[in-house]
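Here is a set of questions and answers for a reader who is meeting this structure for the first time. Each answer sets a value beside the definition that gives it its name.

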Amino acid sequence: MELLAQVLVGGVLLGGLYALMALGLALVWGVLNIVNLSHGALIMLGAYATYYLFTGTGLDPFAALPITAIVLFVIGWLIQRGILNLVIRGPMFNTLLITFGIEVILTYLAQLLFSADFRAINPPYAGNNFRVLGITIPLMQVLAFAIAIGLTVAMWLFLLHTRVGRGIRAASQNLVAARLYGVNPRSIYALTFGIGSALAGVAGGLYGTVSQINPYIGGPLTAKSFAIAIIGGLENPLGVIVGGLVLGIVESLTALYAGSTYRDVASFGVLILVLILRPTGLLGRTT
Amino acid sequence: MPGKEGLTLFFPEKMAERVLTPVETRAGSAKRTIVFVIVLIVVAALAALPWYGNSVLVQFGISVLLLATLAQGWNIIGGYTGYASFGNSVFYGLGAYGVAIAMVQFKLPFWIGMIAGLVLAVVFAAALGAAVLRLRGHYFAIATLALAFIMTAIVSNVEIAGSNIGLVLPLLKSDVLFYELALGLLVLATMTVWWLANSRFGLGLISIRENEEGAAVMGVNTTLYKTLAFMLSAAFTGLAGGIYAYYITFIDPVGVFDVGLNVKMIIMAVFGGPGTVLGPVVGALILSTISEVLATKVTSIASMFFGIVIVIAVVFMPRGIADVLRRAGRSPLRYFVDNVRTHRL
Amino acid sequence: MPRFLVFVAALAFSAAALAQDVTFGASVQLTGPVANTGRYYKDAYEFAIDKINAAGGVKVGSQQHKIALKLLDNQSDVNLSVRQYTQLLTQEKVNFLLGPFASNFVLADSSIAEKASVPMVQGGGASDEIYARGYKYIFGTLPAASDYFGSTIEALGKLNPAPKTVALLYADDSFDVSVAKGTRDLLKKAKLQLALDEKYSTNASDFSVLLSRIKSSNVDAVLVAGHETEVLNFIRQSKSLGVNPKFYSFTVGVPSADFRHALGKDANGASGMTAWLPSSTLKDKWFGDAEQFAKAYKAKFGYDPDYHAAAGVAAVEAFVNAIEAAGSLDPNKVRDALAKSNFESLYGKIAFNDKGQISLPQIVIQIQNDQVVEVYSDNKFEHKLVYPLPPWGQR
């Protein structure tokens with residue numbers, strides 16, 4: 001019983017981080033209708049940015065996160081304005097392919113700049129934990145979880161209650177109507193992609209505090225983000241919290257009862273089930 | 001529609017064109033004959049390559065021919081039917097395991113393994129198609145992607161497939177055989193696609209790609225058509241996997257259920273021109289040559305360069321080489337600028 | 001007249017340069033997910049070849065030849081590595097092959113060597129499958145995977161009080177499954193109870209479930225066969241979940257500088273094994289001894305060499321030794337000479353069994369006070385093993 005509780009807590013904490021990883025992807029997908037295969041690479045860059053801010057300037061990794069977010073915002077903004085904008089009205093394969101190309105480029109730039117060595121963001125308090133009702137709760141995971149949930153909720157409020165947020169939502173519904181409403185699609189798209197990248201960057205910084213960074217961590221994280229975004233749905237940022245938690249818990253329980261090698265079977269199995277059982281609900285947007 | 005073949009070897013089909021041009025023009029017929037003869041000569045030259053080329057060329061040939069077959073297989077479901085499958089690497093893996101399991105665990109000859117792999121891949125495609133082909137656009141792509149991850153994990157736990165350790169196949173010291181097999185398979189796949197482009201069945205697939213609801217209204221059994229296309233795609237992909245397994249002599253789940261390979265087939269097909277008969281083959285040849293040369297000459301930055309090639313190609317020639325050949329003839333610069341202009345925001 | 005002399009000298013010089021080089025070919029991981037270990041082989045091969053060339057090169061019959069290296073980057077892609085080895089043989093016309101890193105690469109690439117009947121000596125793959133195929137042209141300088149934990153389990157048995165229960169975790173790839181298979185037999189022989197036997201996916205990043213199970217089953221010792229990133233995750237998450245087994249040992253990471261760098265203080269207490277430590281008792285024809293080698297290596301590349309680097313150097317030395325013994329560049333003669341190898345090197349005694357694999361004992365090591373310490377070798381303790389491990393705050 002205690003084991004089960006411990007595993008469930010682990011799954012929930014993991015789920016919070018998953019949610020933040022997927023948030024940027026879901027936002028870009030929902031608004032720009034781009035499935036961004038370079039999302040994981042942006043997470044990776046965010047992790048490196050935080051790492052170098054931490055080791056280079058001695059800044060606390062959590063204090064470095066806003067700077068990471070700004071850096072990644074600029075990178076994302078440039079990618080959208082400079083490259084993605086050129087193909088955004090082309091066939092669907094093409095946005096998929098071009099973001100794959102960007103992923104390859106970013107990964108190898110990272111390898112050239114940062115080498116393939118493993119890095120870890122390891123502040124002195126990284127391994128601390130506290131106990132509640134006989135369950136061990138790791139400090140870093142709790143902090144990461146809190147930031148992830150906080151940011152997701154903040155994003156939700158931003159989209160609902162600010163002028164820019166409403167502009168983004170308008171652009172995701174109908175570009176022509178959004179234009180009439182006075183929204184410039186080019187800047188709103190760049191802004192959205194920038195925000196998506198900034199969120200990926202923060203997720204990367206948090207990932208680096210609980211796991212290792214190297215230039216190749218992006219691919220699997222992109223795949224995981226897909227699963228969460230789809231399970232949670234693209235309509236509402238709070239959906240990714242649901243998706244993240246579902247995935248975190250399902251993976252942990254699978255690892256406990258069926259064995260660790262079945263984790264991916266379970267998480268992607270849930271993804272396929274959701275897709276098959278709710279195709280109309282999920283399909284509304286692309287057709 | 002027998003006897004009404006258009007210029008389909010290089011050009012994507014548009015249903016309207018097909019229906020509205022019932023009488024074939026004489027110029028078109030002559031051009032078609034020329035293309036046909038050229039293709040015949042190229043195939044003959046390729047078949048004879050082991051006798052005048054060196055063994056590097058044969059090795060490279062095996063790899064390109066298999067990749068081209070994969071791109072061509074993907075072309076059926078992705079290019080013609082418009083369903084961006086990321087699950088083709090699963091068929092490849094099943095084909096490879098069919099051969100490996102038959103040869104290693106049951107000591108059966110290679111060709112029985114090929115049949116086993118083929119059956120595995122096609123049956124899997126049929127079972128799966130019924131479920132995931134209901135999804136469209138990105139959702140289909142992601143469902144099939146998820147499937148590829150799942151299969152890797154499942155096969156890693158299957159005892160008869162050697163679990164994670166993989167299977168070690170007997171060594172056959174005849175690369176020429178593999179080369180000719182791969183060439184034969186590619187020719188077969190390309191002929192099938194050519195037939196497809198000129199058949200009622202293919203027309204149904206294209207109508208699904210262009211407008212699925214419309215196709216259904218016009219009486220196309222879309223579920224059946226899509227599933228058949230998926231199975232056909234799986235057949236060629238699985239056979240290619242089978243040849244690969246015997247050629248490489250060692251397979252493991254991570255190696256043959258490789259999503260990266262699936263991305264590669266898509267890139268090759270899209271680069272060459274999806275929904276055309278020869279586009280994927282040309283795409284595979286050009287991109288493999290580029291990446292092979294880069295991998296040996298500039299070695300470490302080769303893969304970054306590959307990323308740059310993809311980005312540039314998508315920006316400037318979003319409809320593939322086939323479209324460039326067709327339309328860029330007069331003023332190439334304008335063609336590229338126009339592409340950017342129509343697709344940017 | 002002097003001008004004429006210069007001319008003659010130049011002619012002589014160019015003739016000497018024309019004396020054909022002996023070329024080694026290799027395709028290793030310089031980019032891609034396993035590049036952080038793959039690059040050790042590039043450094044090792046180049047370092048060894050430079051040193052041997054500086055000493056005059058390799059003597060074939062009566063003639064001295066320089067050694068050249070043709071090295072390609074396989075981008076951590078098995079299929080590309082197979083093509084590159086073929087290319088090295090057929091296009092670049094290399095004389096001999098040096099291996100890539102990792103068992104799954106060696107499994108595929110060794111077929112190329114076998115097909116072409118050109119020997120390959122590799123220091124990157126230890127999986128038992130490599131040598132179970134009856135290939136004649138593959139030689140390996142890493143000891144058998146199935147015995148990686150052999151010396152560790154032996155050492156555990158001599159502790160007082162000896163641990164009773166063990167958890168075995170392993171990644172799901174060829175090498176680590178081989179290790180696990182061998183380890184199970186070893187544990188049975190040592191009468192240690194295997195309380196937890198779990199496989200996990202390669203590149204797993206979340207170990208919280210496995211760690212919780214380790215904690216609740218309260219095992220004494222944990223043995224992990226995996227990859228460096230997983231081991232790093234495992235240790236960091238052990239700390240943050242407060243999981244504190246009395247002993248843990250890892251097949252990878254512990255000897256390498258990268259590992260200690262990433263973990264800092266948390267690396268202390270981690271045990272592992274290595275077939276090689278830079279000891280001055282290991283004499284070498286070219287480098288003097290292993291200690292001098294390690295110093296020179298660090299001066300050149302800026303990091304301490306571990307057994308990967310040493311096994312890579314050993315592969316080069318095995319070839320040079322065999323070529324000189326055969327007195328020929330004929331691949332078959334060199335192959336036969338390799339099979340008869342028996343010489344001392346900075347890596348230890350180089351001799352291959354009839355399957356082509358070296359046999360070396362694994363030295364048990366532990367990180368103590370941020371240093372790699374040799375704990376147990378040749379059936380006896382060299383230093384005290386920290387056991388049981390202190391709580392996390394006190395490492």
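Q: Which strands does helix 3 of chain C lie across, and at what angle does helix 3 run to strand 1 of chain C?
A: Helix 3 (residues 78-90) of chain C lies across strand 1 (22-28), strand 4 and strand 5 of chain C, and runs at about 170° to strand 1 of chain C. Axes are lines fitted to C-alpha atoms, for helices over the stretch in contact, and angles run from 0 to 180 degrees between N-to-C directions. Helices (H or I, at least four residues) and strands (E, at least two) are DSSP runs, numbered from the N terminus. This is a predicted model, in which local features need pLDDT of at least 70 and side-chain atom pairs count only at pLDDT 80 or more, while totals for chains, interfaces and linings use all residues. Residues are numbered from 1 along each chain as its sequence is written, and chains are lettered from A and ligands numbered from 1 in the order in which they are written.

Q: What makes strand 4 and strand 7 of chain C edge strands?
A: In chain C, 5 strands form an open sheet in the order 4-1-5-6-7, with parallel pairing. Strand 4 (67-73) and strand 7 (138-140) of chain C each pair on one side only. From one strand to the next, the twist averages 25°.

Q: How do you know that strand 5 and strand 6 of chain C pair?
A: Two strands pair if DSSP finds at least two bridges between them. Strand 5 (residues 96-98) and strand 6 (residues 120-122) of chain C have 2 bridges in the parallel sense, so they meet that definition. Within this pair, C:Leu98 stands opposite C:Val121 in strand 6 of chain C.

Q: How many bridges join strand 1 of chain A to strand 2 of chain A?
A: Strand 1 (residues 129-132) of chain A is joined to strand 2 of chain A by 4 bridges, and the two run antiparallel. A:Phe130 stands opposite A:Ile137 in strand 2 of chain A. The hairpin of these strands has 2 residues between them, and A:Leu133 takes a positive phi near 50° there.

Q: Why are helix 5 and helix 6 of chain A called roughly perpendicular?
A: Helix 5 of chain A packs against helix 6 (residues 163-173) of chain A at an angle of about 85°, with the axes 5 Å apart. Angles under 35 degrees count as roughly parallel, over 145 as roughly antiparallel, 65 to 115 as roughly perpendicular and the rest as oblique. The angle falls in the perpendicular range, which means that helix 5 of chain A is roughly perpendicular to helix 6 of chain A. The contact (C-beta atoms, placed from the backbone, within 7 Å) is made by A:Phe158, A:Leu159, A:Leu160 and A:His161 of helix 5 of chain A and by A:Gly165, A:Ile168 and A:Arg169 of helix 6 of chain A.

Q: What makes helix 9 of chain B mostly covered?
A: A residue is buried if 20 or more other C-beta atoms lie within 10 Å of its own, exposed if 12 or fewer, and partly exposed in between, with C-beta atoms placed from the backbone. In helix 9 (residues 200-210) of chain B, 8 of the 11 residues are buried, among them B:Leu203, B:Ile206 and B:Arg209.

Q: Which element of chain B gives the most to the side that touches chain A?
A: The contact takes 38 residues from chain B and 44 residues from chain A. Helix 7 of chain B gives the most to the side of chain B that touches chain A, with 12 residues.

How values were computed: Two residues are in contact if their C-beta atoms, placed from the backbone, lie within 7 Å.
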